[in-house]
Amino acid sequence: MESGELCDAVFLDLTEAFDTVDHKISLSKLSAIGVSPSTLQWFKSYLSHCKQRTACSDAMSDPLPMTFRVPQVSILGRLLFLVDINDLPLAIKNCKVTLYADDTVLYYFVKEPHLLEEALNDDLLQVAQWLQGNKLTLNLSKTKSMIIVRKSDMHSYNMRNNDTIKLPKIKYNWGKHRSRYHCFKDFNELERTVRNSSFKSCSLCNLLHVLMTSLPGSLGWRVTGDKTLEFARNPAEFIQRNIRTCNSRVFQLRVLNKPHVLVASNQGVKEILEDKDGVLDMGYKDFGYMYSLYGDLVIFNSDDEAIRLRNILHNVFRPEEVTHYMSDVEVVSSRLLNSIEDNDIVIPYKLFKQLTTEVCLRLFLGLEMETAKREAESVVELTITHWHGLISVPVNFNVYGYKSGYSKAMVAKNNLLTIITKHLSEEKNGFINVMRESEFESKTEMANHILLFVSALVPKALASLMTSFCIELAKPENLEKRIKAAQDDRYLENVLLEIKRMWPPFLGGRRLAKQEVIIDGYKVPAGHYVGILTRAANCDPKIFPEAEKFLPERWDTCNQLDRDRVWTFGSGPRMCVGHKFIHKIIKLLARHLLQSYEWELVPGQDLTYKWLPVSRPKNDVQVVFTKIAL
């Protein structure tokens with residue numbers, strides 16, 4: 001009012017609010033905010049099998065099932081009503097909204113008086129539609145309005161398309177009815193809402209605590225209860241079996257003899273990557289052998305140190321630099337892909353591993369296979385030996401000249417760092433020069449990060465994605481999809497996103513809970529490891545209908561708003577720094593294949609995938625390439 005604005009408020013009151021709560025709608029809303037399947041089943045059991053009958057004098061009606069009503073005096077009744085009314089503000093476009101139990105206030109500030117009526121009328125019509133859809137009824141006799149202005153007039157408001165009512169002015173204690181809670185987006189925020197509101201009770205808070213405490217699964221005993229080998233044999237089958245057994249996409253077990261909570265729900269992974277970064281460490285430094293094989297890297301650090309290193313790397317991969325890097329990618333890819341002869345039988349993973357390895361050598365070290373073949377081949381051998389250290393038992397021994405795989409990997413690492421340091425000292429353009437001019441604190445820090453890019457990790461990830469692209473579009477049922485992808489760039493983007501969703505190169509990642517944290521409605525104790533199951537979360541049927549089917553069309557239809565819920569390269573503050581560069585590379589390679597070749601699978605092959613250490617066909621799948629006539 002001091003700034004000359006008017007405020008018009010409408011106070012909505014619901015008829016028998018708690019008695020008209022629809023059980024099916026409540027359950028669907030609980031599911032939508034991320035309540036775990038086991039907790040949802042618990043609520044369903046609570047609401048089921050309730051019956052009512054009517055007594056009149058000595059007569060008694062037959063019992064009938066109750067599909068509406070939650071008890072207002074019960075703890076769960078109040079909780080369910082909060083969930084039921086929670087999304088009302090989402091239906092309102094103009095006004096601000098205050099919610100308090102079953103009372104709702106719409107209020108609108110404006111300088112032009114004639115705009116008040118228009119804004120409120122528009123929102124009240126939306127409210128009426130929301131109430132109808134949620135099977136709730138407005139109590140018109142108790143619904144009031146108030147105009148906060150020096151001189152006020154009466155206004156007419158439309159509650160339905162064919163009804164106009166006059167709302168009398170009332171006195172309103174603004175301080176008493178100030179917003180006690182706001183529209184919450186998930187079950188975790190619901191708990192905070194209840195705890196911080198005057199609507200809370202100790203019993204209600206305790207109930208929420210219990211609902212978010214019980215993790216499905218079992219940690220078992222140390223050593224004897226460890227599931228590492230069982231997981232490693234067939235991780236995809238192991239994950240699905242536990243999801244079925246626990247009836248939940250979040251469950252606990254013991255892996256690497258440490259307590260883990262594995263998260264296969266899309267919502268859970270979203271919370272880990274985007275919302276819980278402050279309470280979760282990366283968790284890789286505890287894998288001592290990984291740290292020793294790579295040295296101090298951005299992926300091992302947290303907090304300020306991680307931010308510093310990420311800022312440096314973001315500068316290394318800024319768009320103008322990536323444009324220059326892509327010229328190196330084009331040179332190598334054109335040479336190798338154009339070498340495929342007509343009707344050649346090709347093993348895609350071997351082809352793309354060679355291609356991406358040569359790309360990385362040229363790009364990150366300035367080494368060309370054609371002009372520095374001996375040194376390039378030596379580096380390739382070292383990267384393979386180094387990679388084997390990641391997938392071997394981390395035991396360092398040398399007995400009578402026989403070295404463990406881990407020992408050989410450590411030697412390979414040191415030799416690679418020597419080569420990298422030599423190239424850093426030479427006058428070179430491109431990536432090496434950008435790294436030299438960056439703000440790394442030491443040459444060792446710089447060399448360690450180049451080792452990450454040069455090592456087999458990056459080529460194998462790129463080869464994995466391209467192999468999946470090649471094999472999926474070689475299937476007879478996807479012929480039309482391949483033709484459309486060759487002609488329509490937007491559809492090609494959809495195809496590549498669907499490839500990333502269904503076949504991420506790596507099965508997942510891990511974090512370490514620094515303190516107790518709620519993930520997808522489950523309480524994870526401090527000190528527990530959190531396993532991010534990327535592929536399982538990417539195929540969560542709650543988000544993706546027909547999740548196990550290759551459907552690029554989904555990104556323009558049912559999953560149009562879910563393009564950012566594919567976690568292949570992470571998300572949030574720890575998202576892969578080079579994810580846009582990687583996408584440019586695979587799109588370049590995919591477009592080259594689509595424009596130059598047709599291809600199909602050799603019949604009768606086993607297309608089963610293995611998921612460790614990278615996702616790719618278990619066998620050497622063969623594809624026949626045919627050149628497209630120009």
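1. **The overall picture.** Please keep in mind throughout that this is a predicted model. The protein chain has 630 residues, and 52% of them are buried. Its secondary structure comes to 22 helices and 24 strands. Taking the contacts in the chain with a separation of 6 or more, 71% are between residues 24 or more positions apart.

2. Have a look at Val 346, which lies in strand 14, residues 344-346. Is Val 346 buried or exposed? Its relative accessibility is 11%, and because buried means under 20%, Val 346 counts as buried. Leaving aside residues up to four places away in sequence, Val 346 touches Ile 340 and Leu 351, and also Val 621, Gln 622, Val 623 and Phe 625.

3. **Salt bridges, starting with Arg 335.** Side chains of opposite charge can pair when their charged atoms come close. The structure holds 30 salt bridges. One of them is formed by Arg 335 and Glu 358, whose closest N and O atoms are 2.5 Å apart. Arg 335 sits in helix 12 (residues 319-337) and Glu 358 in helix 13 (residues 348-365), so this pair ties together parts that are 23 residues apart in sequence. Arg 335 is partly exposed at 29% relative accessibility, while Glu 358 is buried, with a relative accessible area of 6%.

4. **A link between helix 20 and helix 22.** Glu 493 and Lys 587 also form a salt bridge, with 2.7 Å between the closest N and O atoms. This pair links distant parts of the chain: Glu 493 belongs to helix 20 (residues 489-502) and Lys 587 to helix 22 (residues 579-596), 94 residues apart. What are the relative accessible areas here? For Glu 493 the value is 22%, so Glu 493 is partly exposed; for Lys 587 it is 12%, so Lys 587 is buried.

5. The side chains of Glu 546 and Lys 549 meet in a salt bridge at 2.9 Å, N to O. Glu 546 is partly exposed, with a relative accessible area of 49%, and Lys 549 is partly exposed too, at 45%.

6. My last point concerns helix 11 (residues 303-316) and helix 17 (residues 443-454), which pack with their axes 13 Å apart and at an angle of about 70 degrees. How are the two helices oriented to each other? Angles of 65 to 115 degrees count as roughly perpendicular, and helix 11 and helix 17 are therefore described that way. Helix 11 passes helix 17 in a right-handed crossing. On the helix 11 side, Glu 305, Arg 308, Leu 309 and Leu 313 take part, and they meet Glu 445, His 449 and Phe 453 of helix 17. The residues of this contact divide into three nonpolar, one polar and three charged.

Note on methods:
Residues numbered from 1 in each chain as written. Predicted model: local features only at pLDDT ≥ 70, side-chain atom pairs only at ≥ 80, totals over all residues. Heavy atoms only, no water. Helix = DSSP H or I, 4+ residues; strand = E, 2+ residues; numbered from the N terminus. Buried < 20%, exposed > 50% of the residue type's maximum accessible area, 1.4 Å probe, protein only. Contact = heavy atoms within 4.5 Å. Salt bridge = Lys/Arg side-chain N within 4 Å of Asp/Glu carboxyl O. Axes fitted to C-alpha atoms, helices over the stretch in contact; angles between N-to-C directions. Parallel < 35°, antiparallel > 145°, perpendicular 65-115°, else oblique. Left-handed = near helix turned anticlockwise from the far one by under 90°. Nonpolar A, V, L, I, M, F, W, Y, C, P; charged D, E, K, R; others polar.
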